[in-house]
Amino acid sequence: MEYLSKQRYDEIAAELKHLTSEVYPKVKEELAEASAQGDRSDNAGYREARRTQGKTISRIRFLQKVLENSRVIDTDALPKDRVSLLSRVEFTNLSTNARMCFEIVSPHEMDLEAGKISLKSPIGAALMGKKVGEIAEARVPSGILRLRIESVTPA
């Protein structure tokens, strides 16, 4: 079971609707046109249309599975005093004194450029459940990071 923010759930649902109602019918039409051009073994347009169809179907199935196995997070039920899903966490790396701030999100919402890390990442997992002032230890490829929680802003 994956938990998604309402915004991300709606984005995935919209992409799925777009693929099934607009993209896939066009792909099917292009495939029919390419198929009608004759010998399929020597038809590059047909092969490309089949590839596109496969990619589209694969993406549709993936999004359907994500939505089937996801629930929208009830932000009112999340703890306010500790790091949880959708918390914005400011912390200090104790070995470098570098301060960082990230929002903890589900793997489907991760976006480092937007400051969102997965709760399943080493740092995200180490921060989960911690309170302000506590030290989290994250096991990363370069060793163990000791992170002091400076602030937690709930969703």
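Biologist: Which residues touch the most other members in the largest nonpolar core?

Modeller: In this predicted model, they are Val83, Val89, Phe91, Ile104, Leu127, Ala138 and Leu147, out of 15 core residues. E3, strand E4 (98–105), H3, E6 and E7 each contribute at least two residues. E7 gives the largest share, with four.

Biologist: What makes this a nonpolar core?

Modeller: The term asks for buried residues of nonpolar type, joined through side-chain atoms within 4.5 Å. The 15 residues form such a set, so the name applies. Nonpolar side chains tend to be buried together in soluble globular proteins.

Biologist: What is Ala138 in contact with, leaving aside its neighbours within four places in sequence?

Modeller: Ala138 has Pro122, Ile123, Ala126, Gly143, Ile144, Leu145 and Leu147 as contacts. Another core lies apart from the largest one; it has eight residues, including Ile12, Leu16, Ile60 and Leu63.

Biologist: Which residues of H2 are buried, and what covers them?

Modeller: The buried residues are Tyr46, Ala49, Gln53, Thr56, Ile60, Leu63, Val66 and Leu67. Their cover includes strand E1 (2–4), helix H1 (6–35) and strand E2 (70–72).

Biologist: Why is the contact of Asp81 with Arg82 called a salt bridge?

Modeller: The closest N and O atoms of Asp81 and Arg82 are 4.0 Å apart. The cut-off is within 4 Å, so the pair qualifies. Side chains of opposite charge can pair when their charged atoms come close.

Biologist: Why are Asp81 and Arg82 called partly exposed?

Modeller: Asp81 has a relative accessible area of 43%, and Arg82 has 30%. Buried means under 20% and exposed over 50%, so both values fall in between.

Biologist: What does the salt bridge of Asp81 with Lys131 tie together?

Modeller: The side chains of Asp81 and Lys131 meet at 3.6 Å, N to O. Asp81 is in the loop between E2 and strand E3 (88–93), and Lys131 is in the loop between helix H3 (122–127) and strand E6 (135–140), so the pair ties together parts that are 50 residues apart in sequence. Lys131, at 32% relative accessible area, is partly exposed.

Biologist: Which residues are linked with Glu90 in a network of salt bridges?

Modeller: The network links Glu90 with Arg99, Arg148 and Glu150. Within it, the side chains of Arg99 and Glu90 meet at 3.0 Å, N to O. Glu90 is partly exposed, with a relative accessible area of 26%. The whole structure holds 12 salt bridges.

Biologist: What makes E5 and E6 edge strands?

Modeller: The sheet is open and mixed, with five strands in the order E5-E4-E3-E7-E6. Strand E5 (116–118) and E6 each pair on one side only, which is what makes them edges. From one strand to the next the twist averages 45°.

Biologist: How do you know that E6 and E7 pair?

Modeller: Pairing requires at least two bridges, and E6 and strand E7 (residues 143–153) have six, in the antiparallel sense, so they pair. Val140 has Gly143 as its bridge partner in E7, and Arg139 stands opposite Ile144. The hairpin joining E6 to E7 runs through two residues.

Biologist: Which side chains of E6 point to the buried face?

Modeller: Ala136, Ala138 and Val140 point to one face and are buried.

How values were computed: Residues numbered from 1 in each chain as written. Predicted model: local features only at pLDDT ≥ 70, side-chain atom pairs only at ≥ 80, totals over all residues. Heavy atoms only, no water. Buried < 20%, exposed > 50% of the residue type's maximum accessible area, 1.4 Å probe, protein only. Contact = heavy atoms within 4.5 Å. Axes fitted to C-alpha atoms, helices over the stretch in contact; angles between N-to-C directions.
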